[in-house]
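Here is a short briefing on one protein chain. Look over the sequence and the fold before reading on.

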Amino acid sequence: MSSVTVRVPAKVNVQLSVGPLREDGFHDLVNVFHAVSIFDEVVAREARSITVSVTGGWAAEVPLHDGNLAVRAARALAARAGLDRGAELVIHKTIPVAGGMAGGSADAAAALVACDELWGLGLPREELMEIGAELGSDVPFSLMGGTALGTGRGERLAPLPVGGPFHWVFAVADTGLSTAHVYKECDRLREGAPVPEPRPDPALLAALRDGDAAELGRRLANDLEPAALALHPPLADTLRAGRDAGALGAIVSGSGATCAFLAGDAAHAAELARALATTPGTRAAVVAEGPAPGATLV
């Protein structure tokens, strides 16, 4: 096989609860992941070495060196398999960069699946998820897709039942936020205050299970949102604009800077997108649906 293509989704965190800072510098999380129909595609072709190039509207913002998670994923897979193999990776980028939607993690997951197929390894998805967890907390979910409860650093996953679909609009900010900086600001804002251990919200899980968009909108929660708003205050105006336009719920997605808005149905989502497209500081308003499948060969 000379070429393999994998499609992989973005995610939104419908609950992101962040526990106290641990001695290892991480936090215990309760992370309810929900994959949505905004996709990157990663093409892997036979090559002598592992390289990457990027196309699409976000191409200029994606690193092409060792900091690229897709490159690191391919190298980690080759090392796990004891191979000296290359791959030319081409990322067709649609998921926003530095937007809190796991774009880099999605590309890493796609690279794992693509190179596994290209090199004829046939590794089980569980082993690919183990490799992914070493690269980043969101990579295993990008492999799994659907909706899942993440614990630990977010890498320990349990699938959740969903009675959806759910309809979303994502207001992509004209700037990005560093995940590391947002967590650091979160710690700063909570310094000296007691921080409880994170727990799943039973009402939110029930809303997902029942396909109850109105209740899910009321239960959306993100402990990183205050930090994201502190680092980029215009996000508060974007959230307000979505609520004023009738969103069932509004939340900063992950570490930001994308804002997510829950709609009642596809027509409602289209209306919200039109209203949000003209919000100052918004680069684009994108309609999507969830849950979506994880990294998939196409």
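The count of salt bridges comes to 16, a salt bridge being a side-chain nitrogen of Lys or Arg within 4 Å of a carboxyl oxygen of Asp or Glu. This is a predicted model, in which local features need pLDDT of at least 70 and side-chain atom pairs count only at pLDDT 80 or more, while totals for chains, interfaces and linings use all residues. Residues are numbered from 1 along each chain as its sequence is written, and side-chain values use heavy atoms, with hydrogens and water left out.

- Arginine 85 pairs with glutamate 46, and their closest N and O atoms are 3.1 Å apart.
- Arginine 85 sits in the loop between helix 1 and strand 4 (86-93), and glutamate 46 in strand 2 (residues 27-47), so the bridge ties together parts that are 39 residues apart in sequence.
- Helices (H or I, at least four residues) and strands (E, at least two) are DSSP runs, numbered from the N terminus.
- Arginine 85 is partly exposed, at 29% relative accessible area.
- Glutamate 46 is also partly exposed, at 37%.
- On this scale buried means under 20% relative accessible area, exposed means over 50%, and partly exposed lies in between (1.4 Å probe, protein chains only).

**Salt bridges within helices**

- Glutamate 185 forms a salt bridge with arginine 188, with 2.6 Å between the closest N and O atoms.
- Both belong to helix 5 (residues 179-189), where a spacing of three residues separates them by about one helical turn.
- Glutamate 185 counts as buried, with 11% relative accessibility.
- Arginine 240 forms a salt bridge with aspartate 237, the closest N and O atoms being 2.7 Å apart.
- These two lie three residues apart in helix 9 (residues 234-244), again about one helical turn.
- Arginine 240 is partly exposed, at 44% relative accessible area.
- Aspartate 237 is partly exposed, at 44% relative accessibility.
- Elsewhere, salt bridges with shared partners join Arg80, Glu127, Glu130 and Glu134 into one network.

**Packing of helix 1 and helix 2**

- Two packed helices are described by the angle between their axes and the distance between the axes.
- Helix 1 (residues 69-81) packs on helix 2 (residues 103-118) at about 35 degrees, with the axes 7 Å apart.
- Axes are lines fitted to C-alpha atoms, for helices over the stretch in contact, and angles run from 0 to 180 degrees between N-to-C directions.
- Helix 1 contributes Leu69, Ala70, Ala73, Ala74 and Leu77 to the contact, and helix 2 contributes residues including Gly104, Ala108, Ala111 and Cys115.
- Contact means heavy atoms within 4.5 Å.

**Asparagine 68**

- Asparagine 68 is in the loop between strand 3 (50-56) and helix 1.
- Asparagine 68 counts as buried, at 4% relative accessibility.
- Setting aside neighbours within four places in sequence, asparagine 68 contacts Val52, Val62, Pro63 and Ile91.

**Annotated domains**

- UniProt, in an unreviewed entry, places "domain: GHMP kinase N-terminal" at residues 68-146.
- Over residues 68-146 the chain is 58% helix and 10% strand, with the end C-alpha atoms 25 Å apart.
- The UniProt annotation "domain: GHMP kinase C-terminal", also from an unreviewed entry, covers residues 204-277.
- Over residues 204-277 the chain is 58% helix and 15% strand, with the end C-alpha atoms 28 Å apart.
- UniProt positions are given in the numbering used here, feature names are shortened, and annotations may be inferred rather than shown by experiment.
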